[in-house]
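Work through the exercises below with the sequence and the model side by side. Try each task before reading its solution.

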Amino acid sequence: MSFINATLCASKKIIRALHEEENIFEEKGIGFGGDRSLNIDLIAEQIFIKALSEYGNILSEEIGFVDNGKDKKIIIDPIDGSYNVSNHIPYFGCSVYLENEAAIVVNLSNGDYFIKNKNGKKFDNLFRKPFQSNYRHDVILFEKAYQNPDIVEKLCNHNLKFRAPGALSLSLCYGESAKAVIYKGEIREFDIAAAKFYNSECFWHFEKDLIIMSPKKEYLEEVLSIIKE
């Protein structure tokens, strides 16, 4: 639990930094993962490195590999949804995975967090009682929809509702209450490691540039068949 508590405390510090630090949207070049880095990405990364280095070596989207002389590896996406942050869209988070032991994904915009470790799964909120979905499973979360108009057309032809929120790790966690999650694009370990561990009991389909996840096998098969039409 100390690792989880350290991660949640670090997440609160990042939320504070979002409100208190200056020039958080200043661009700082291209990070290790290949995306542009904002100042807030680097601030968040340093907060995590300081908080978690005692628990393992760190692989982070911005700086790459940090060797702390440990046996375990921690995979971090300090800010998932940087474009949402810089455009004031309230759907962005952080993703932390301790290899084979624990996953923590935090929605930094509203305080929701997802945890999984040897004690099971937990959904809660850093500040208040979390909003609970009624689990209707009738909406698809489609990340990178703007780059895949062919799939958008197929979903529309089948009258399937979808949303394109813009933060993959969050969508893969919230996706346990959706019909499915679709992602088509470059697949990077930073984006999916924690969420894949958190929702390991869900049904997954992987291809080179495609991920489909669903809480029910029949939903996954339905969505996959539509995509493959």
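Buried means under 20% relative accessible area, exposed means over 50%, and partly exposed lies in between (1.4 Å probe, protein chains only). Helices (H or I, at least four residues) and strands (E, at least two) are DSSP runs, numbered from the N terminus. This is a predicted model: local features need pLDDT of at least 70, side-chain atom pairs count only at pLDDT 80 or more, and totals for chains, interfaces and linings use all residues. Residues are numbered from 1 along each chain as its sequence is written, and side-chain values use heavy atoms, with hydrogens and water left out.

**Exercise 1. Find the buried residues of helix α7 and say what they pack against.**

Step 1. Go to residues 217-227, which form α7. Its buried residues are Y219, L220, V223, L224, I226 and I227.

Step 2. Look down the axis of α7. The buried residues fall within an arc of 160°, so they line one face of the helix. The arc is that of the directions from the helix axis to the C-beta atoms.

Step 3. Look for contacts, meaning heavy atoms within 4.5 Å. The buried residues of α7 pack against β10 (140-143), α4 (149-157), β12 (180-184), β13 (203-207) and β14 (210-214).

Step 4. Return to Y219. The charged end of K179 sits over the ring of Y219, 4.2 Å from its centre. The criterion for a charge over a ring is NZ of Lys or CZ of Arg within 6 Å of the ring centre and within 35 degrees of the ring normal.

**Exercise 2. Work out the strand order of the open sheet of 5 strands.**

Step 1. Apply the pairing rule: two strands pair if DSSP finds at least two bridges between them. Strands of a sheet pair through backbone hydrogen bonds, either parallel or antiparallel.

Step 2. Start with β10 and β12. They pair in the parallel sense over 4 bridges. F142 has I182 in β12 as its bridge partner.

Step 3. Move on to β14. It pairs with β12 in the antiparallel sense over 4 bridges. Y183 has I211 in β14 as its bridge partner.

Step 4. H205 is bridged to I212 in β14. The two strands form a hairpin with 2 residues between them.

Step 5. Write the order: β11-β10-β12-β14-β13, with mixed pairing. The edge strands are β11 (162-163) and β13, each pairing on one side only.

Step 6. Place the helix. α4 lies across β10, β11 and β12, running at about 165° to β10. Axes are lines fitted to C-alpha atoms, for helices over the stretch in contact, and angles run from 0 to 180 degrees between N-to-C directions.

**Exercise 3. Decide how far β14 is enclosed.**

Step 1. Take one side of β14: L210, I212 and S214 are buried.

Step 2. Conclude. 5 of the 5 residues of β14 are buried, so the strand is largely enclosed by the rest of the structure.

**Exercise 4. Describe the open sheet of 7 strands.**

Step 1. Read the order: β4-β3-β5-β6-β7-β8-β9, with mixed pairing.

Step 2. Check the edges. β4 (64-66) and β9 (120-125) each have a single partner strand, so one side of each is left without a neighbour in the sheet.

Step 3. Note the turn. Neighbouring strands are turned by 15° against each other on average, direction ignored.

Step 4. Zoom in on β7 (102-107) and β8 (112-117). They pair in the antiparallel sense over 4 bridges. V105 stands opposite F114 in β8.

**Exercise 5. Find two residues with a positive phi that are not glycine, and state how exposed each is.**

Step 1. Recall the background: most residues other than glycine have a negative phi.

Step 2. Take N23, with a phi of about 55°. It lies in the loop between α1 and β1 (27-30). N23 is exposed, with a relative accessible area of 53%.

Step 3. Take K144, with a phi of about 65°. It lies in the loop between β10 and α4. K144 is partly exposed, at 27% relative accessible area.
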